[in-house]
Amino acid sequence: MKISDMNWMQVEAYLAHDDRAVLPLGSTEQHAYLSLSVDSILAEKMAVDAAVPARVPVFPVLAYGMTPYFGAYPGTVTLRMETYVRLVRDLLDSLAGSGFRRIVLVNGHGGNSPVEGLVMEWMTDNPGVYVKFHNWWRAPATWAMVHSIDPVASHASWMENFPWTRLPGVEMPASQKPLIERPGKVRPVGEEMRAIHGDGNFGGYYQRSDDEVLAIWESAVAETRALIEQDWD
């Protein structure tokens, strides 16, 4: 049920009996020793693992998002908020125009959070079409599991270190990086961000056992699938 494996006639046949779709939202940005495409890889795989067994089509991931604060890390690509919001609005318009009426945005990047506000505005302008915005890693059971293992786990730490986001030949530090807290201070950007966070891990272990990370993944898949399948009334 990946859109890339379907033609338009198959989509039309699907829409004759169901109107759900999933659109993953990612980013291209630094993730310390992990792939620059972590957020896109995880958002798309999460969407596929959760939706395909339910026979709900998954569109290709939007691989660029809003990440201006990582501009000093080479390879990071960011969109302006105005550009990104307009882009997501156009995508929702297109999905609704095709006949999709229940849409889940599976988000893999915290910087894309302004889209949640757009969703409320867009649904007001498009009555009868329903959109859920889902930060997959922050689903309640999944987030609780992460913090039971490592309460300081954060960006670019083990909680994003899956077999499909690692790079061959890249060694991970064995330590737990302390979480840098800056209560009340302006969030750093650019060179200041890099000076504070160094390799880009915000805090936590760099790697945990595959048993632990795969348990986290399965929890997130289950919570995402439930969101796709339930509570549309």
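Student: Is tyrosine 73 buried or exposed?

Tutor: Tyrosine 73 is buried, since its relative accessible area is 7%. Buried means under 20% relative accessible area, exposed over 50%, and partly exposed in between, with a 1.4 Å probe and protein chains only. Keep in mind that this is a predicted model, where local features need pLDDT of at least 70, side-chain atom pairs count only at pLDDT 80 or more, and totals for chains, interfaces and linings use all residues. Residues are numbered from 1 along each chain as its sequence is written, and side-chain values use heavy atoms, with hydrogens and water left out.

Student: How do I read an aromatic pair?

Tutor: A pair of aromatic rings is described by the distance of the centres and the angle of the planes. Rings of Phe, Tyr and Trp (its six-membered ring) pair if their centres lie within 6.5 Å; planes under 30 degrees apart are stacked, over 60 edge-to-face, and the rest tilted. The structure holds 12 aromatic pairs. One of them joins tyrosine 69 and phenylalanine 70 edge-to-face, at 4.8 Å centre to centre with 80° between the planes. Phenylalanine 70 also pairs edge-to-face with tyrosine 73, at 5.8 Å and 90°. Elsewhere, ring pairs link Trp136, Trp137, Phe162, Trp164 and Trp217 into a cluster.

Student: Why does tyrosine 69 count as buried?

Tutor: Tyrosine 69 counts as buried because its relative accessibility is 10%. Phenylalanine 70 counts as buried too, at 1%.

Student: And what about charges over rings?

Tutor: The test is NZ of Lys or CZ of Arg within 6 Å of the ring centre and within 35 degrees of the ring normal. The charged end of arginine 187 sits over the ring of tyrosine 69, 4.1 Å from its centre. Lysine 132 lies over the face of tryptophan 232, at 4.2 Å from the ring centre.

Student: Which residues touch the most other members of the largest nonpolar core?

Tutor: The general idea: in soluble globular proteins, nonpolar side chains tend to be buried together. A nonpolar core here is a set of buried Ala, Val, Leu, Ile, Met, Phe, Trp, Tyr and Cys residues joined through side-chain atoms within 4.5 Å. The largest has 58 residues, and Val22, Leu105 and Trp136 touch the most other members. Its largest share, 7 residues, comes from α2. Apart from it lies another core, of 5 residues, including Tyr69, Phe70, Tyr73 and Phe202.

Student: What does histidine 197 touch?

Tutor: Contact means heavy atoms within 4.5 Å. Leaving out residues up to four places away in sequence, histidine 197 touches Tyr73, Lys177, Ile180 and Phe202. Histidine 197 belongs to helix α6 (residues 190-197) and counts as buried, at 8% relative accessibility.

Student: How do I read the strands?

Tutor: Helices (H or I, at least four residues) and strands (E, at least two) are DSSP runs, numbered from the N terminus. Two strands pair if DSSP finds at least two bridges between them. Strand β1 (residues 20-25) and β2 pair in the parallel sense over 6 bridges, with leucine 25 facing asparagine 107 of β2 as its bridge partner. Strand β2 (residues 102-107) has 5 of its 6 residues buried. β2 and strand β3 (residues 130-135) also pair in the parallel sense, over 6 bridges.
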